[in-house]
Amino acid sequence: AQPPPARPPAPLDVPAGMEALPEGGFRLRFADGTAALPAEAAGSLAGLGSQLAAGPAGRVVVTGQASGPVADISIARRLSLARGLAVKQALAAGGLAPTRIDLRPMGRTADAADAVDVLPPAPESPR
């Protein structure tokens, strides 16, 4: 007898203060020039961390971006790193193991967004 097919994981709830991304992740917007989490974000990210910890195993990708400054890519990279670290810390506070979080500080991107994207693990494909 074959085992029953695995059920796909339940979809994640969109955390308060975040936007759903078309590829299945979430975007948190930041104020221009700041790495501080928006007021409502810490609790929302902790809740998301809890959901991700309870979900399928795999890597969670946190991608930080900054809109500027255009003339100094180093500053934009450091700002995107600081934002990503703040999000990683909040996800870990919700119970997601920090070792499952890949941090990607992109600096200034073509989007010129002041944001951090959280991408959950891709569902495993059936064999």
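Student: Which residues does R100 touch, not counting residues up to four places away in sequence?
Tutor: In this predicted model, R100 is found in the loop between α2 and β4. Once residues up to four places away in sequence are set aside, the residues that R100 touches are L52, A53, P56, A57, G58, R59, V60 and P121.

Student: What is the nearest side chain of opposite charge to R100, and how far away is it?
Tutor: R100 is buried yet has no salt bridge. A salt bridge requires a side-chain nitrogen of Lys or Arg within 4 Å of a carboxyl oxygen of Asp or Glu. The nearest side chain of opposite charge to R100 is D102, at 9.4 Å.

Student: Which residue has its backbone oxygen 3.1 Å from a polar atom of the side chain of R100?
Tutor: R100 has no salt bridge, but a polar atom of its side chain lies 3.1 Å from a backbone oxygen. The residue that supplies this backbone oxygen is P56.

Student: What pattern does the protein follow along the sequence?
Tutor: The protein has two helices and five strands. Read along the sequence, these elements follow the pattern β-β-α-β-α-β-β.

Student: Which residues of α1 are buried, and what arc do they cover around the axis?
Tutor: The buried residues of α1 are A41, S44, L45, L48, G49 and L52. They lie on the same side of α1, because the arc they cover around the axis is only 140 degrees. In general, an α-helix has 3.6 residues a turn, so residues three or four places apart point the same way.

Student: Which exposed residues does the face of α1 turned away from its buried side carry?
Tutor: The cover over the buried residues of α1 includes β1, β2, β3, α2 and β5. The face of α1 turned away from that buried side carries the exposed residues G43 and A54.

Student: Is S80 buried or exposed?
Tutor: S80 lies in helix α2. Its contacts, leaving out residues up to four places away in sequence, are G64, Q65, A66, P105, M106 and G107. The relative accessible area of S80 is 0%, and the cut-off for a buried residue is under 20%. S80 is therefore buried.

Student: What is the relative accessibility of R77?
Tutor: R77 is also found in helix α2, and its backbone oxygen lies 2.9 Å from a polar atom of the side chain of S80. R77 touches P105, M106 and G107, not counting residues up to four places away in sequence. R77 counts as partly exposed because its relative accessibility is 46%.

Student: What is the phi of A112?
Tutor: A112 lies in the loop between β4 and β5. Most residues other than glycine have a negative phi. A112 is not a glycine, although its phi is positive, at about 50 degrees.

How values were computed. Residues are numbered from 1 along each chain as its sequence is written. This is a predicted model: local features need pLDDT of at least 70, side-chain atom pairs count only at pLDDT 80 or more; totals for chains, interfaces and linings use all residues. Side-chain values use heavy atoms; hydrogens and water are left out. Helices (H or I, at least four residues) and strands (E, at least two) are DSSP runs, numbered from the N terminus. Buried means under 20% relative accessible area, exposed over 50%, partly exposed in between (1.4 Å probe, protein chains only). Contact means heavy atoms within 4.5 Å. The arc is that of the directions from the helix axis to the C-beta atoms. Lys and Arg count as positive and Asp and Glu as negative; His and the chain ends are not counted. A polar contact is a pair of N or O atoms within 3.5 Å; within protein, one must be able to donate a hydrogen and the other to accept it, and residues adjacent in sequence count only if both atoms are side-chain atoms.
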